[in-house]
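Here is a short briefing on one structure.

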Amino acid sequence: MRIKKIALNGFRNYAFETVELDGGTNVISGRNAQGKTNLLESVYMLSTGRSFRTRFDRELIGFGFSGAQILAQVESRGREQDIDIQLRQGQGKKILVNSVKKTASQLSETLNTVLFCPDDLDLIKEGAAIRRRLLDNAISQIRPRYAELLTEFNRLYEHKMRILKDWREKLSLLDTLEDFSDGMYRVSAQLIRYRASYAARLDRSAPPIHREFSGDGEELEIRYATVSTVRDPFGPAKEIYYDICEHHEKHRQAELDSGQCLTGAHKDDLEIFINGRPARSFASQGQTRTAALSLKLAEREIMLEETGETPVLLLDDVLSELDEKRQAFVLNRIGGGQTLITCCEDEGISRRTGGKVLFVEKGRIH
Ligand code: ATP
Ligand code: MG
């Protein structure tokens, strides 16, 4: 799949701009604060309906504009398709694919992206939230049902958190606590099955990439960690649900005392091992970066296996963070699909990639 053309109207610092992209590598170059990441953000929006930088759509509307529009012509699933996302101040967003109204999670039926930004280089060393986000973003794009479940889970979770925070002031809140817990555990059971199987696929795809990348046969291993009482995360959702309830029984009082949700899929993690040791505690910075890159490139491969098409790869300021050996490895690996790479103008990256160079200056692209 590839994006042929994008038009941005009142999106971030783009007033009215159109850009034609190459089907291979596109290097988006320019000084700081000119609009390079904004362009990548618009592409990410086209595949997920949301930004990777903010939860608030209103921040995406250009200063002084009453609305924003992202229009794109893409080639995917063997045909040309048009995506149109409209944001209006104070209103919900409107998403159209080939003039037909769609939800944000349905966008993944038309366009898929894999984003890699500098934060992802710390994927292994950071807390579990960033690894859950990797799982959530990746699975949502290949399983629209997962995206729906996740939205439902977050709704229940926030509600339950509010109860746990306020029940002392208003004891009647406790009447509905069990219902919210139960809802959370039912949805957790389904999320866990999806996550377990995705983690298993990562554990198949990432180690060969990592082995090649590290050059000296390092063994990467990825294990999925969820609620401790779950015996088989691949098993029937019903059994996972019962296992979660068992955990809940043991932690019911502690939840009330601590005001925290102690049971559920919101605490899941991916445990990463290099040569049998937990990478988070033992790996060097170079090793963890290599592992992070391997995971991201594996995400791209899995998406290709799933959809039969290579997703659009978005590399925001990542290459400049890598040494030359790793840069070369990434550049060799990304052939065969469309890639958008941002970099600061004088890094010489555009020469090394040999792709189309787009120069961004104050919200204009030339
Ligand atoms: P860097 O190299 O530092 O990463 P960049 O080219 O990636 O820079 P962007 O993150 O794309 O820069 O941001 C470019 C500019 O967009 C910033 O100056 C920012 O103030 C501006 N900007 C952000 N949001 C809006 C908005 N809603 N309306 C107008 N301008 C905005
Ligand atoms: Mg940027």
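An oxygen atom of ligand 1 sits 2.9 Å from a polar backbone atom of N38. Keep in mind that this is a predicted model.

- F63 uses its backbone, where a polar atom lies 3.0 Å from a nitrogen atom of ligand 1.
- On its own, ligand 1 exposes 650 Å². The protein buries 75% of that area.

**The shell around ligand 1**

- There are 16 residues around ligand 1. Those that come nearest are N32, A33, K36, T37 and N38.
- Which classes make up this shell around ligand 1? Seven of its residues are polar, six are charged and three are nonpolar.

**Two domains in one chain**

- The protein chain is divided into two domains. Domain 1 covers 1-112 + 311-366, and domain 2 covers 120-308.
- Between the C-alpha centres of domain 1 and domain 2 the distance is 28 Å.
- Domain 1 brings 23 residues to the contact, and domain 2 brings 21 residues.

**Where the domains meet**

- The size of an interface is often given as the accessible area lost when the parts come together.
- Here, domain 1 and domain 2 bury about 1,900 Å² between them. Carbon and sulfur atoms account for 56% of it.
- Which residues of domain 1 lose the most area to domain 2? They are R326, F329 and R333, and together they make up 33% of what that side buries.
- R333 also forms a salt bridge with E301 through their side chains, at 2.9 Å from N to O.
- Three salt bridges are counted between domain 1 and domain 2.
- The count of residue pairs in polar contact between domain 1 and domain 2 is 11.

Technical notes:
Residues are numbered from 1 along each chain as its sequence is written. Chains are lettered from A and ligands numbered from 1 in the order in which they are written. This is a predicted model: local features need pLDDT of at least 70, side-chain atom pairs count only at pLDDT 80 or more; totals for chains, interfaces and linings use all residues. Side-chain values use heavy atoms; hydrogens and water are left out. A residue is near a molecule or strand if one of its heavy atoms lies within 4 Å of it. A polar contact is a pair of N or O atoms within 3.5 Å; within protein, one must be able to donate a hydrogen and the other to accept it, and residues adjacent in sequence count only if both atoms are side-chain atoms. Accessible areas come from the Shrake-Rupley method with a 1.4 Å probe; for residues, only the protein chains shown count as cover. Ala, Val, Leu, Ile, Met, Phe, Trp, Tyr, Cys and Pro count as nonpolar, Asp, Glu, Lys and Arg as charged, and the others, Gly among them, as polar. Domain bounds come from an automatic or database domain assignment. Contact means heavy atoms within 4.5 Å. Buried area is the accessible area (1.4 Å probe) that two parts lose on being put together, summed over both. A salt bridge is a side-chain nitrogen of Lys or Arg within 4 Å of a carboxyl oxygen of Asp or Glu.
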